[in-house]
Amino acid sequence: MKRTLDTGNAAITEGAIIAGCRLFAGYPITPATEIAENMSRRLPQVGGYYLQAEDELAALHICVGASLGGLKAMTATSGPGYILYADPYGWAIGSEIPVVIVNAQRVGPVSGITGAPGQGEFYLSRYPTQGGNFETIVLAPNSVQEAFTLTVEAFYLAERFRTPVTLLADQLVTDGWETLIIPETEEEIQAMGLKVIPRRINEGPEFYPATDEIDIPPVVLGHNTGAACSDWTPTAEGYDTEEVEWQHKHAYRLIYKIRNHKDLITRYESYFLEDDPEVILVSYGSPSRVVKSAVKAAREKGLKVGGLRLISLWPFPDEIFTKTAKYLSVELNYDGQLVREVQRAMPKGSEVHFMGKCGELPTVAELMELIEALIKGQPLKAKPWEMEAW
Amino acid sequence: MDYLATKYLRPRKIPSTACSGCGLGQIHKKVVKAIDELGLDVGDVVWGTGIGCAGRQTFATWKGDNFAGTHGRVYALATGLRIALPPNKKIILTVGDGDAFGIGFNHLLNCARRNVDLTVIVCDNLGYMSTGGQYGWTTPEGYRTDSSPYGMWEPNWMQGGRDVLNILREAGATFLARHTSIEGQEAVESIKKAILNKGFSLVHMPYPCVTNFAERALGSRRPAVMYKWFKERTVKLNERVDEKALGDIYFRTGIYYDASNSRPEFAEALRNRVAEIQRRFR
Amino acid sequence: MAKRTEVLVSGFGGQGVVRIGQALSLAAVYQGLYTTMLISHGTETRGGYVRSQVVMSEEPIDSPVVENPDYFCALSKAAYNRFKHLVSHGVIIYDPGYVEPDPNLNVKQIPLNARDLAEKELGRELFANAIVMGALSKLMSGLLDKDIVIKAMLERIPRFHEENKKAFELGYSLL
Ligand SMILES: Cc1ncc(C[n+]2csc(CCOP(=O)(O)OP(=O)(O)O)c2C)c(N)n1
Ligand code: SF4
Ligand SMILES: [Mg+2]
């Protein structure tokens, strides 16, 4: 194992290479540019291709096209580029093409604050394209090391589910420096629990079977399999059709291949949940690091507090919200995005509260103040956009 | 088209669902004929399309591998595919004028700049026809469409001293030709050259849309009217004509620019570069 | 060792704030510690400071936020004024060339004339950050090995290794 000090950007690069990524097409944007730069240096060393695209639409289309030709591919961006992915993202979902997409979230809307962390694309990553009739897979690392392992995982899931996977990071995870341990041999890769599957080729003639099964090889062109894939609703063979029955079958597949295998995707961490928590802090990404410190500090003070940290965001892990409690969603935005899903998933009799911040992490001290108020049943006031009973 | 169709096309998709009298079939046939005359097999070609009539009517007609991109983006998709596929596989794209010269123009120009080995056949029905007949970027000046009820007034890419092929040439394309669908073997020969060029080739092929363009612009759906209109406006590149007397759009046809195999092809250059860097790091 | 050591380095762009943090973090990695470092690249519109927040621990680190620095190294007036109140039990190291210390603060404050010394002793202001690294290394010698900090520093600085080592030793000897 190689033990270094490095950024999340470097971790994502190395994770992608270990996962077998051999093409990266990107477009410069803070704070994801460093991933592109790292890729431009590293990929050729392992026989891979780096391209700078004319825009993000092209960047993801090039990745999807390369994947369609059999190469594992990845792109990386931040919010303003992520919205431009809408078109190729949808194409890859519909044609079931594996590809990995990194979004280093910054403060929005639009260009917002370029070099500061935000969490504004929680819902966008659920609906990254139009039309509905699909589920997405989204993973959210909260450390440099996890940025590495989840990148490998993203490629793994993309292959098994034949779909794009978004790694929803934030600027603190991608730009932050931390201890990074990288496996250097096949044994070390396995010892770390990392799974890599090579690209398989669908031989047809049923390229789009009406089933929720996973592990079906994706369409790969150039092998004269007679494959057809397009933006139109496909028949099983890939012909474009306007028959509603086929649309239904296609939608069923796109939704239920993911819903019915959610257990293979869902990942989370919990703290002190078995210990009758009155208050449960919910978070993902970099804020969850501070949340964990705060939960531990609160427990040391004898306060009945627990924590849930989401590692997979979509499909949303409703089933982990089993405790009736006062939930506090801690996010890097002021509008409260995660809080709505928590509200939907939590058991009856629970409450959900919100703590939002933008551009920088909350502190343990701030969180402790809120935890104490919630335990005492006091209303959360202070700045109305920051702390509010939902 | 029987011999060619049995050899290369899927029975399920032939005859196509295009309107009867549509000129698209003439283009489709010429492309397949060119493939045949080059001695290529089904497995040698991967066929991509855009959206619209041009895309939808040709998608999945090819017996081998097929793909269709979203509106205007198939050029970027094909760039990625080009890098992944073995260099001897031909990628041929049949796309619309709106797709290539409108929404996808930026990607198209970047493919030309990179000299990506693609053969793009722009099936130009002089506007957005599958959406019912709105003006596009090749609609002739003054002609009526559903969105130019008083006549096309915007400058297009074809008149007023502009020619879209000039732009593509400047951008770096290595083979450019124009033929109307009513032309014969000369168009097939150009398509063959386009396919043989290891680089970015584009053949611009204006063709008659009887249902929408002809109906609004010429006031008749009769194929004879539309074909006559095309015939009068198809002028060979080297032919001397009194352009002033024509006083309308005309299509200068033939090989417009042939710099085949004169510039490094993008995917090949990228592969070579990567191999060279990889050697250094071994 | 304490469970968690927090270091805050802040100044303006070009002073080597990021490098100082990197050298300390990297040294921590070499010593088998866990470490995190957050970098905030402030532009003028965002308060005019660059900040490295470094945390080191024998255990995996949860919060990477420096809320209570053991060492706060202030290399500009703006940085000093913005973060001085975070320090409750730690020490503040400041460059008197930029910072006028607040006499009302109830914490230990150590002046370190890095900019002037770098210019006088080594001929270039450029070496001030190595002086700071030396001084921090001395203060943190219970946690980080001097030689390892030097090794980490040289890995993060591409040029002028001899001068930087000299500057480091100078800083180390001052405290
Ligand atoms: C992003 C997007 N915008 C608009 C459309 C609607 N649309 C479908 S086909 C078409 C016309 C395309 O024109 P052209 O490429 O010239 O093809 P034609 O139908 O004329 O052959 C349009 C605008 C679409 N499918 N996608
Ligand atoms: S609408 Fe026009 S271009 Fe489209 S199929 Fe009919 S005739 Fe052809
Ligand atoms: Mg058209």
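## Before you start

Two strands pair if DSSP finds at least two bridges between them. Helices (H or I, at least four residues) and strands (E, at least two) are DSSP runs, numbered from the N terminus.

This is a predicted model, where local features need pLDDT of at least 70, side-chain atom pairs count only at pLDDT 80 or more, and totals for chains, interfaces and linings use all residues. Residues are numbered from 1 along each chain as its sequence is written, chains are lettered from A and ligands numbered from 1 in the order in which they are written, and side-chain values use heavy atoms, with hydrogens and water left out.

## Who touches whom

Of the two pairs of chains in contact (heavy atoms within 4.5 Å), A and B share the most contacts. Chains B and C don't touch: their closest C-alpha atoms lie 21 Å apart.

## Where A meets B

Chain A brings 46 residues to this contact and chain B brings 42. The two bury about 3500 Å², with carbon and sulfur atoms giving 60% of that; buried area is the accessible area (1.4 Å probe) that two parts lose on being put together, summed over both. On the chain B side, Arg56(B), Asp65(B) and Leu77(B) lose the most area to chain A, together 18% of what that side buries.

Five salt bridges (a side-chain nitrogen of Lys or Arg within 4 Å of a carboxyl oxygen of Asp or Glu) cross this interface. One of them links Glu54(A) and Arg114(B), at 3.1 Å from N to O. There's strand pairing too: strand 10 of chain A (residues 228-229) runs parallel to strand 2 of chain B, over two bridges. Here Ala228(A) sits opposite Asn66(B).

## Where A meets C

Now for the other pair: 22 residues of chain A are in contact with 21 of chain C. They bury about 1800 Å² between them, 53% of it on carbon and sulfur atoms. Arg3(A), Leu5(A) and Trp177(A) supply 37% of the area that chain A buries against chain C, more than any other three residues.

The salt bridge count here is three. Glu360(A) forms a salt bridge with Arg51(C), with the closest N and O atoms 3.6 Å apart. Of the elements on the side of chain A that touches chain C, helix 10 of chain A gives the most, with five residues.

Strands pair up here as well: strand 9 of chain A and strand 2 of chain C (residues 34-41) run antiparallel, joined by two bridges. Look for Glu178(A), which stands opposite Thr36(C) in strand 2 of chain C.
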